[in-house]
Amino acid sequence: MNKWMRLLVSGLLGAGCSHATSNGSAGTRLGRGTVVVQGTAVRAIARGPVLIHAYVASAGGTLHHTPALTGTEADCLDQAAMADTRSELVADRRLAMAVPEGHLACFMADRPIELLWHAHAHGVDVSDQAPPTVAAR
């Protein structure tokens, strides 16, 4: 019994330590983060061009993108951009949003919620460029 337990633990440790990496530019991960808000809040997440994948455990909050005039959360309050690009976050579902170059991805919530996100290169060849600015929170 003890021999089998050691074998099982060794196998699990070996499997946990192995992983694959990708060095292709089409799916290059540029950043990731967690945004935790305690009430009504607006957060700038990432500057385009990126593809954002976002997840919430409980329904609530929205993602949208807006022209990055200042690159701050003040840009996220553009009402016209919110109306045109807003997507509701659904519990236990991943939301994918393409953020064009010159735009800023924004998260808005009106109650306590936690957002998990990561960004991938989208629509550009990043092999010889510095990556777009990504704000991890």
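V42 is buried, at a relative accessible area of 18%; here buried means under 20% relative accessible area, exposed means over 50%, and partly exposed is what lies in between (1.4 Å probe, protein chains only). Before going on, note that this is a predicted model, where local features need pLDDT of at least 70, side-chain atom pairs count only at pLDDT 80 or more, and totals for chains, interfaces and linings use all residues. Residues are numbered from 1 along each chain as its sequence is written, and side-chain values use heavy atoms, with hydrogens and water left out.

Back to V42, which sits in strand β2. Helices (H or I, at least four residues) and strands (E, at least two) are DSSP runs, numbered from the N terminus. Skip the neighbours within four places in sequence, and V42 is in contact with E73, C76, L77, F107 and M108, contact being heavy atoms within 4.5 Å. The C-alpha atoms of V42 and D110 are separated by 8.9 Å, with the two residues 68 apart along the chain.

Zoom out to the whole chain. Two helices and eight strands make up its secondary structure, and along the sequence they follow the pattern α-β-β-β-β-α-β-β-β-β. There are 137 residues in the protein chain, and 35% of them count as buried. Take the contacts with a separation of 6 or more: residues 24 or more positions apart account for 84% of them. The accessible surface is about 8,300 Å², and 56% of that belongs to carbon and sulfur atoms; such areas come from the Shrake-Rupley method with a 1.4 Å probe, and for residues, only the protein chains shown count as cover.

Now for the strands. β2 belongs to an open sheet of four strands, in the order β2-β7-β4-β5 with antiparallel pairing; two strands pair if DSSP finds at least two bridges between them. β2 and β5 are the edge strands, each pairing on one side only. β4 (residues 62-67) and β5 run antiparallel and are joined by two bridges. On the β5 side, S87 is the bridge partner of L63.

Another antiparallel pair is β3 and β8, which has seven bridges. L51 has H120 as its bridge partner in β8. H120 lies in that strand, which covers residues 113-121, and is itself buried with a relative accessible area of 15%. The H120 side chain also makes a polar contact with the side chain of H118, at 3.2 Å. A polar contact is a pair of N or O atoms within 3.5 Å; within protein, one must be able to donate a hydrogen and the other to accept it, and residues adjacent in sequence count only if both atoms are side-chain atoms. As a whole β8 is mostly covered, with seven of its nine residues buried.

What does the inside look like? The largest nonpolar core has 23 residues, and I45, I52, L63, L89, F107 and L115 touch the most other members. The term stands for a set of buried Ala, Val, Leu, Ile, Met, Phe, Trp, Tyr and Cys residues joined through side-chain atoms within 4.5 Å. At least two residues of this core come from each of β1 (29-37), β2, β3, β6, β7 (103-110) and β8. β8 gives the largest share, five residues. There is also a second, separate core of six residues, including A44, A68, C76 and C106.

E88 is partly exposed at 49% relative accessibility, whereas R86 is exposed at 51%.

Finally, two backbone details to check. Most residues other than glycine have a negative phi, and most peptide bonds are trans. G48 and P49 are joined by a cis peptide bond, with omega about 10°. P49 is in the loop between β2 (40-47) and β3 (50-56). D92 is not a glycine, yet has a positive phi of about 55°. You'll find D92 in the loop between β5 (87-88) and β6 (95-99), where this residue is exposed with a relative accessible area of 52%.
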